[in-house]
Amino acid sequence: MTLVSILGFVLIAVGLWGMLTRRNLIKIIVGFSIMDTGVHLVIVSLGFIKGRTAPIINKALSAGDAPSRAVDPIPSALVLTAIVIGLAVTALLLSFAVRIYREKRTLNIDDISELKW
Amino acid sequence: MVNPLLMLAVALGVGFIFAWLRPYAKTAAWTLLYGALVFGLAVSIQWLTHFVSGGVSTTVLPGGFSPPVGIALGWGMKEAFISSIVFLGGLLGSIALFKTWRDTPSAGPVLFLLTIAGSIGLIMSRDLFNLFVFLEITSMSTAGLLATGRHHEGAVSGFKMMLVTGLASVLFLIGTVYLYRITGTLAIDQILVSPALAGTAGFTASFLIIAAILVELKIWPANGWALDVLTSAHPVIAALISTVHSVAILFVFYKIFPLLPPDSLLIFTSAGLMTFVSAHLAGLRQDNFQRMLAYSSVGMMGLFVTVITWTSSVYGHNIPIRIESIILGGFIITHLLAKGGLFWVVAHFKDSEGNFDITRVGSTTLGGVIITGLILALAGLPPFPSFWAKWTLIREIAASSLPIVFVILLGALFEVINLFRWLGRALEGESHCAVHAPPVLSGIALFSLGGFSIGAIFLGWFPDFNISILIPFSGLIAAGLVAFLPNRIQISISILILGLAGFALVPGASGIGQAYTAIILGSGALMLLTKMEAANKDKWQLPLIVGTVLTVAVLGAVHTALEFWTSWEMMTAVSALLIVRGKNAKKSALMYWTFSMAGAFLLLAGLALAVSATGQTDLSKVFAGAPSLSIILISLGFLFKAGVLGVHIWVPDAYAESEDDSTPYIAALVSKAPIIGLILVFYYAADAFIGPFEWRVLIGWIGVLTAFFGALFASFQEDVKKLLAYSSMGQIGYIIAVIALGSYTGWVAALYLALHHILYKGLLFITIAGVISRTQTSLMYKMGGLIKRMPLSFVAVLMSIIAISGVPPLPGFGGKWMMYSAFIEAGWTLQAGVAFFASGVAFLYLYRLIHTVFLGMPKNEHINVKESSIWRLVPMYIIIAMIMGIATMPKLLLEPIMNLVQTRFPATMHWEAANLISSLGSWNGNAIMMVTMGVFMLPLILLLFRVRGVKRVKPFNIVYAAEKPERPETTHVAHNFFAHYRRAIGVIALPRATAFWRGVAEWTDTLGDWVRQWATGNGQTYAVQVLLFVSVLYFFMRQTAL
């Protein structure tokens, strides 16, 4: 396990802790973002191969050399999509928070639990 | 064939174009939107028919490369079926939402299309990361849909949903990249065959993915968020999430669960079962209909997970397509149309403030029919697809694991109780409003799918089912269609329907069953005559009566176990609907339904076990070879339905609260269904009752004790209908006891008593219904002295109580004589003693019946009551003539009965001229009739000569000095008539069974409340529950996998 992936898991844990212990909706969303970033680091670290270069085919890296000299490109591609999706989810969560604040004048998660049982 | 990828592309494309086009060209935008949905549905159905007719599954490569380089989309029969469901649900839902969308511009339509497109992606994709993308698309679009509502609740539940599904998608993503790391591919099919999957890392990564999907599938206890979402969403959006989106995710689960080793399947099955039972348990406590539907949706997901993992653990990868189609297909179709339909009903009937009152639904004919259909379909009753699914599922599971059967049936029992409770509320509505398209459409679709399932029988899916068993439905529908005609024409047509049904059913039946069917139909037709007397107030009563008679009758004409079970369910449902129509019958009908369904599920478990153990379908062979346990379950089911001591508490209320005109059919006919059931099971499986433990002795004791307590309870009733109800309970007790004897004399007595019970209980209820309709009360102390006003009714009651009590000369005497003979022949002397004592007690209530209603002084308000109408008197006296005829010439009836019984047991009685000779003595009905008539005539003539000296007395109430009665009627002589007996023996007549069952109900309720409180409404608690759920699941999985 590389340092990057360890850092990723630490970030996931920190984010999760934030999500579960903060009462403020914005802080919960920040926690989510931190957790998401941790996941992205883990993904990138999985594709990394020591001593190899970025999987971008140009003058420095010909298509023929790519399999032996570049890192695994798939996790990099995945992480791009995951970042976009994470961004969308964060935006949606934030828009919910705005809507809730506008109507209920509160950002405390304990105040929005009237729907239950 | 159209490329299936186009469905996805068109839905996505139209979603974008719609948002841009709408401000400029409304009509074009809407046309495009609905066009995309219709296109998707058409393409899916086209492919589905292609696959059904033998087409081969294909793989679509959207990028042009095969995995692991490109993404592969799978496209086969299952995909085409689920995608048809998705588009059908989407199309119906979008029609339901059209008005809302048109009036308030929002992103709703676009998000709706995105959800549909994402769901199609989830169905087709066979690439893990691609699945992640579609999961996120559908999560975000549904959360967005939640927020399009006007209320902030949508945003709140959307926030909770994103919190939990965000957590789930993190698990999914980590699992996916690790699986990629281990196997070098993202394609599910390649991962499945990768040897690297077997290691610990492979196991853990796969577990994370599947756990994430289980959270999305709303598995208990990680489902509080989903309940809040489904409660707060616009009902049509809730339907979309509950049906379309959830079914798509279910299909993802279906694709990926083989990633884990087969040993771990049982854990999934258990998680599914816990979800199913807990959801329906908690649903019992709901007073918000939409939240109840939310619980029901969640429960359904639990059942799906159970079914998928269980069938896989039994069949491996070769699950027979027939089993999968019937079970999963049947449940999914029902889930879409019935649950979706109910959500749509909520959407339509919500008032402007967003409150939903279910009583408004049943206030119109169409609304009543539709909600009845939707709820019965959801409850898994015939002929809806879920019924066939339930039967096949239970039969399959019974073959390997009976405990799972019981857990499923327990959950199903909670569900049907809950559904019927709401149906009862819906049907008592009075206001008027119209029903709009989607519920109507889904109702129609469901009914035609009911027809489809009938078609499936033709296709040979159920070779052990004869279409004639569904005749009661045709009868019910035919009688319903003529409900608008004048009363007498309607009744004539109904009698004709019974006749035609007899023509169709009786020739195909044989032996005791044939006689039973003919007798039930004949008595039903005779009783229908009484309804000629007055215009019909309730136009649905008559079709339901026709349905009840037919469903009871068809039980005699069945040949296979499936046919029997179908008829039984039909009978239970139709009779419950008949009872619920009574004015204050909601609670009584629910109690009837609860006990009947509990009995029906015991019967189902027993039949399923017997069918799978014997491998037979024919009822005679199934019973003959069935293991003892299944026979015991089946008998228990019948005893529940018969209302024997201990489970009798539904009897008085169901009889008393159903409409006066409906009670005769329930009391005289429906009560015979368990009798024919018991006769059939004893007929074919007598040996199962004689073993190390003599079950038949136990059943015999239950019978005589039921007879005794029935008579005792009857004596203490104030309501004449309750008195008769307890009397029926007692009579059924005798019949059960003699059936349990399993001897020639016993069975002749049983059939003879059963037939008489139909006659005299029918007669009594018809007569008493006439009295009640004239006096406007069913309380006996409010009646009295009616002998002068209703002399013909008095004679009818007198005749029937003579018939019941078993004194000569009427047929009850012969029945009792044979009964005691049978007991003594078998050495059951103690039982005979109890039965004899019960007969003595029966005199008490019979005396009270005739005394308090007809004798004494008439009440002021009854001075002018008239005799019952001729339409009531004619059937009454036809029955009396039949009773007299049988009494004079019992041989005419007994000989065929004896011939029937002789096919099972060697004869121990025979005829010598008019004498019936048994091992204990002889009985000559003819001679007894002559002697009794002679003895009766002499005093009568003497009395007629002395009648001049009679003096009239005034009404005489008993009031003690200085006594201040709380209610004036308590001073009436007929009130608490047998107070002295009650003081003496009242302690044994305490309602212990009622107290017991009330305790059971309260405990269930409390447990449901406890389960319900898991959903605290706090998003963070839900997230913690998800983490705990995943951790516990992992712990158990590791235990089984290692």
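The model is predicted: local features need pLDDT of at least 70 and side-chain atom pairs count only at pLDDT 80 or more, whereas totals for chains, interfaces and linings use all residues. Residues are numbered from 1 along each chain as its sequence is written, and chains are lettered from A and ligands numbered from 1 in the order in which they are written.

Gln776(B) lies in the loop between α31 (744-775) and α32 (791-805) of chain B. Helices (H or I, at least four residues) and strands (E, at least two) are DSSP runs, numbered from the N terminus. Phi of Gln776(B) is near 65°, a positive value in a residue that is not glycine. Ala913(B), also not a glycine, has a positive phi of about 50°. Ala913(B) counts as exposed, with 7 C-beta neighbours inside 10 Å.

The loop that holds Ala913(B) runs between β3 and β4 of chain B. These strands belong to an open sheet of 3 strands in the order β3-β4-β5 (chain B), with antiparallel pairing; two strands pair if DSSP finds at least two bridges between them. β3 (910-912) and β5 (922-923) of chain B stand at the edges with a single partner strand each, so one side of each has no neighbour in the sheet. Strand β4 (residues 915-917) of chain B is joined to β5(B) by 2 bridges. In β5(B), Ser922(B) is the bridge partner of Ile917(B).

Two cis peptide bonds in chain B deserve a look. One joins Trp220(B) and Pro221(B), with omega about 0°, and Pro221(B) is found in the loop between α8 (200-216) and α9 (224-232) of chain B. Another runs from Pro382(B) to Pro383(B), with omega near 5°; Pro383(B) is in the loop between α14 (365-378) and α15 (385-398) of chain B. Most residues other than glycine have a negative phi, and most peptide bonds are trans.

Next come the helices. In helix α18 (residues 471-481) of chain B, the buried residues are Ile471(B), Pro472(B), Gly475(B), Leu476(B) and Ala479(B). Seen down the axis of α18(B), these buried residues fall within an arc of 140°, so they line one face of the helix; the arc is that of the directions from the helix axis to the C-beta atoms. They pack against α19 (487-505), α21 (541-554) and α22 (561-580) of chain B.

Helix α28 (residues 673-689) and helix α30 (residues 720-741) of chain B pack at an angle of about 5°, with their axes 10 Å apart. α28(B) and α30(B) are therefore roughly parallel, a term for angles under 35 degrees. Ile675(B), Leu678(B), Ile679(B) and Phe682(B) in α28(B) meet Ile735(B), Ile736(B) and Ile739(B) in α30(B). By class, this contact has 7 nonpolar, no polar and no charged residues.

The contact between the chains takes 31 residues from chain A and 35 residues from chain B, where contact means C-beta atoms, placed from the backbone, within 7 Å. On the chain A side, α1 (3-21), α2 (25-47) and α4 (73-104) each give two or more residues. The largest share, 15 residues, comes from α4(A). The chain A side has 23 nonpolar, 2 polar and 6 charged residues; Ala, Val, Leu, Ile, Met, Phe, Trp, Tyr, Cys and Pro count as nonpolar, Asp, Glu, Lys and Arg as charged, and the others, Gly among them, as polar.

Key
Two residues are in contact if their C-beta atoms, placed from the backbone, lie within 7 Å. A residue is buried if 20 or more other C-beta atoms lie within 10 Å of its own, exposed if 12 or fewer, and partly exposed in between; C-beta atoms are placed from the backbone. Axes are lines fitted to C-alpha atoms, for helices over the stretch in contact, and angles run from 0 to 180 degrees between N-to-C directions. Angles under 35 degrees count as roughly parallel, over 145 as roughly antiparallel, 65 to 115 as roughly perpendicular and the rest as oblique.
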